[in-house]
Amino acid sequence: MQFFKNQTIQLKITDLNTDGEGIGKVDGFPFFIKDTVPGDVVTATVMKTKKNYGYARLLTLLTPSPDRVEPVCPQHKACGGCQL
């Protein structure tokens with residue numbers, strides 16, 4: 001399957017990369033999505049694709065992971081220091 005910029009996808013996050021981005025697959029094609037954790041089911045917008053992987057932006061958190069917690073710091077989005 002070929003993916004295009006701004007295409008909407010739905011996937012389950014199964015892993016994290018070393019930068020703390022969630023990893024989910026659509027038809028075996030992996031996408032990296034910030035602000036997700038393993039166990040989340042999300043809809044996302046495709047931002048960029050490479051030959052073997054792609055990047056997407058979180059649109060909607062359909063089913064939150066049981067491991068998801070609310071950040072303690074109110075500046076977590078602006079700062080980026082506590083991404084996990």
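Let's start with N17. N17 touches I23 and F32, leaving aside residues up to four places away in sequence. This is a predicted model, so keep that in mind throughout. Where does N17 sit? Its place is in the loop between β1 and β2. Buried or exposed? N17 counts as buried, because its relative accessibility is 18% and the cut-off for buried is under 20%. Its side chain also has a polar partner. The side chain of N17 makes a polar contact with the side chain of E21, at 2.8 Å.

Now the overall fold. Five strands form a closed barrel. The order runs β1-β2-β3-β5-β4, and the pairing is mixed. On average, neighbouring strands of this sheet are turned by 50 degrees against each other, direction ignored. As a reminder, strands of a sheet pair through backbone hydrogen bonds, either parallel or antiparallel.

Take β2, residues 22–26, and β3. They run antiparallel, joined by five bridges. G22 has I33 as its bridge partner in β3. β2 and β3 form a hairpin, with two residues between them. Look at D27 in that turn: its phi is positive, about 50 degrees.

Next, β3 and β5. Strand β5 covers residues 54–63, and it pairs with β3 in the parallel sense over three bridges. Here F32 stands opposite Y55 in β5. That is the F32 that N17 touches.

On to β4 and β5. Eight bridges join these two, and they run antiparallel. V41 stands opposite T63 in β5. This pair is also a hairpin, with four residues between the strands.

Then β1 and β4. β1 is residues 8–16 and β4 is residues 41–49. They run antiparallel, with five bridges. L11 has V42 as its bridge partner in β4. K12 stands opposite V41 in β4.

How many of its five residues are buried? Which way do they point? F29, F31 and I33 go one way from β3, while P30 and F32 go the other way. Both sets are buried.

That brings us to the core. The largest nonpolar core has 12 residues in all. In general, nonpolar side chains tend to be buried together in soluble globular proteins.

What does F3 touch? I9, V26, F29, F31 and T49, again setting aside residues up to four places away in sequence.

Last stop, T43. T43 is found in strand β4. With a relative accessibility of 14%, T43 counts as buried. Its contacts, beyond four places in sequence, are T8, I9, Q10, R57, L58, L59, T60 and L62.

Notes. Residues are numbered from 1 along each chain as its sequence is written. This is a predicted model: local features need pLDDT of at least 70, side-chain atom pairs count only at pLDDT 80 or more; totals for chains, interfaces and linings use all residues. Side-chain values use heavy atoms; hydrogens and water are left out. Buried means under 20% relative accessible area, exposed over 50%, partly exposed in between (1.4 Å probe, protein chains only). Two strands pair if DSSP finds at least two bridges between them. Contact means heavy atoms within 4.5 Å. A nonpolar core is a set of buried Ala, Val, Leu, Ile, Met, Phe, Trp, Tyr and Cys residues joined through side-chain atoms within 4.5 Å. A polar contact is a pair of N or O atoms within 3.5 Å; within protein, one must be able to donate a hydrogen and the other to accept it, and residues adjacent in sequence count only if both atoms are side-chain atoms. Axes are lines fitted to C-alpha atoms, for helices over the stretch in contact, and angles run from 0 to 180 degrees between N-to-C directions.
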